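User: I have a model open and would like to go through some of its details with you. Could we start with the charged contacts?

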Amino acid sequence: MQWNLQRILKATAYCLTAACLMLGSSYLVADEKGDKKGDEKKEAAKKEEPKKEEPKKEEPKKEAPKKEDAKPAPKKEEPKKEEPKKEEPKKPAVTVKTLVTNLESPSGIAIQEGTGHVFVASRYGVYRYDPKGKTVDLEIAGYPTDVYGKGPKYNIGPLGVAFMDKDHLVVGDGSRPDGEELVRIYKVGDKPLEKWVKEDTAAQTLGPIKAGDKSAKGEGNFYGVAVGGGDIFITCNGDDTKGWVAKSVIKDGKAGPLEPSIATKEATNVDAPVAITFSPDGKELVIGQMGEVNVADDCLLTFYDPKTGKLTKSLKTGLNDIAGLAYSPKTKKLYATDFSWVDAAKGGLFELKIEGDKVTAEKVISLDKPAAIAFDKEGNLYLTVFGTQGKDPEKSPGSLAVIKAGL
């Protein structure tokens with residue numbers, strides 16, 4: 001009987017052991033990876049470590065002390081936990097993707113409503129870039145050529161561009177002598193032309209602003225164009241004692257005469273208005289006074305009442321030569337390009353942070369002689385870059401590029 005009992009106990013033990021061996025645990029690890037090729041490479045996002053729960057320790061059961069030995073247990077002070085230092089979130093890296101190359105002196109940019117097509121002015125004419133089809137077509141050509149600059153000098157053609165409405169493109173000229181240059185308005189469709197048209201086939205021609213009482217030399221080099229509040233504003237570089245911004249009033253879908261309107265040099269004591277845009281609410285006309293191209297740190301950011309032309313604010317920027325201005329439609333932040341004639345290494349794209357009467361120019365990315373900038377409705381930033389001439393004289397260094405939405 002005793003032997004039988006021992007056999008039963010051993011058999012029971014074996015069964016329990018087998019059951020324990022069948023028990024276990026498993027872990028599932030998920031790892032998602034993604035890479036982008038070509039110009040769209042971005043800095044890999046940092047993986048967030050999963051939060052680890054502290055394992056709970058089971059306290060051993062304490063026997064109740066005898067009454068005669070019972071003493072109040074001393075209170076244990078909880079160790080103070082050090083708060084981890086919070087790191088400032090790092091800004092995502094900005095990547096510039098080149099879309100079109102071999103452009104000479106690419107200047108103005110305008111984006112067509114509805115199609116999203118990007119119109120770019122360069123020495124030889126106006127091009128249309130289709131972001132969806134990734135095609136580029138010459139739209140308007142046949143311009144003469146003028147020269148601008150002081151070491152280096154550039155051959156230039158049409159300069160500033162902007163849409164008056166979705167079907168009419170305003171093009172400021174730079175290809176003729178001051179006092180002879182024109183502003184043309186072209187009717188454009190939603191598809192590229194089968195064959196480019198000559199520059200004199202415009203639906204409307206404004207100007208020229210000849211030498212006279214208001215402008216001693218006449219006006220030209222129409223660098224920047226901004227349309228808003230029923231008016232067209234165009235920056236001029238003719239009579240440096242005045243620094244004119246010209247204006248055309250739109251009435252019944254037609255642009256009126258082009259007249260000198262705001263004498264920015266008289267208002268600010270700095271010449272060469274170049275970049276121009278409207279504030280997001282349309283209440284302010286914002287202008288970059290480039291100043292002398294061979295003088296560093298003389299650039300101003302200025303604000304005007306577009307109805308009266310009165311200067312409301314003039315701010316030093318610490319930049320050398322503002323060539324482009326644009327507000328992000330998503331963040332409402334103001335961005336500027338600094339061409340930086342005196343030191344190209346200091347040029348680039350900057351965010352301009354305005355607090356009271358102070359501007360802080362925070363560099364976003366370095367660029368080789370950047371010019372115009374324009375946002376599309378999704379927040380993608382298109383920009384033109386003059387670049388530096390390489391060894392091959394047949395290849396122009398200019399380009400059209402884009403920074404994906406996020407600024």
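User: Is Lys 150 buried, exposed or partly exposed?

Analyst: Lys 150 counts as partly exposed, because its relative accessibility is 48%; please keep in mind throughout that this is a predicted model.

User: And which residue forms a salt bridge with Lys 150?

Analyst: That is Glu 292, and the closest N and O atoms of the two residues are 3.6 Å apart. The pair links distant parts of the chain, 142 residues apart, since Lys 150 sits in the loop between strand 6 (146-148) and strand 7 (154-156), while Glu 292 sits in the loop between strand 19 (285-289) and strand 20 (300-304). Glu 292 is itself partly exposed, at a relative accessible area of 31%.

User: How many salt bridges does a search of the whole structure find?

Analyst: The search finds 11 salt bridges. Another one of them joins the side chains of Arg 184 and Glu 199, with an N to O distance of 3.3 Å. Arg 184 lies in strand 10 and Glu 199 in the loop between strand 11 (197-198) and strand 12, so this pair ties together parts that are 15 residues apart in sequence.

User: Are Arg 184 and Glu 199 buried or exposed?

Analyst: Arg 184 counts as buried at 9% relative accessibility, and Glu 199 counts as buried at 7%. For another pair, Lys 353 and Glu 362, the closest N and O atoms are 2.9 Å apart, with Lys 353 partly exposed at 32% and Glu 362 partly exposed at 29%.

User: Why is strand 10 largely enclosed by the rest of the structure?

Analyst: Strand 10 covers residues 183-187, and four of its five residues are buried, so the rest of the structure largely encloses it.

User: Which strands does strand 10 pair with?

Analyst: Strand 10 pairs with strand 9 (residues 168-172) in the antiparallel sense over five bridges, and the bridge partner of His 168 in strand 10 is Lys 187. Strand 10 also runs antiparallel to strand 12 (residues 204-206), to which three bridges join it, and there Ile 185 has Gln 204 as its bridge partner.

User: What about the backbone after that, say the peptide bond from Gly 207 to Pro 208?

Analyst: That bond is cis, with omega near 5 degrees, and Pro 208 is placed in the loop between strand 12 and strand 13 (225-228). Asn 221 lies in the loop between strand 12 and strand 13 as well; its phi is near 50 degrees, a positive value in a residue other than glycine, and at 6% relative accessibility Asn 221 counts as buried.

User: Where is Asn 269, and is it buried or exposed?

Analyst: Asn 269 is in the loop between helix 2 (264-268) and strand 18 (273-278), and it is exposed, with a relative accessible area of 64%. Its phi is positive too, near 65 degrees.

User: New topic: how many cavities of 30 Å³ or more turn up in a search of the whole structure?

Analyst: The search finds one, and the volume of this largest cavity is about 40 Å³.

User: Which strand gives the largest share of its lining?

Analyst: Strand 4 does, with three residues, while strand 1 (96-103), strand 3 (118-122) and strand 4 (125-130) each supply at least two. By class, the lining has eight nonpolar residues, no polar ones and one charged residue; among the lining residues are Val 100, Tyr 127, Arg 128 and Leu 400.

Methods:
Residues numbered from 1 in each chain as written. Predicted model: local features only at pLDDT ≥ 70, side-chain atom pairs only at ≥ 80, totals over all residues. Heavy atoms only, no water. Buried < 20%, exposed > 50% of the residue type's maximum accessible area, 1.4 Å probe, protein only. Pairing = 2+ DSSP bridges. 1 Å grid on protein atoms, 1.4 Å probe; cavity = no way out; pocket = protein on both sides within 12 Å on 5 of 7 lines; lining within 4 Å. Points joined across faces, edges and corners; volume = space filled by probe spheres on them. Nonpolar A, V, L, I, M, F, W, Y, C, P; charged D, E, K, R; others polar. Salt bridge = Lys/Arg side-chain N within 4 Å of Asp/Glu carboxyl O.
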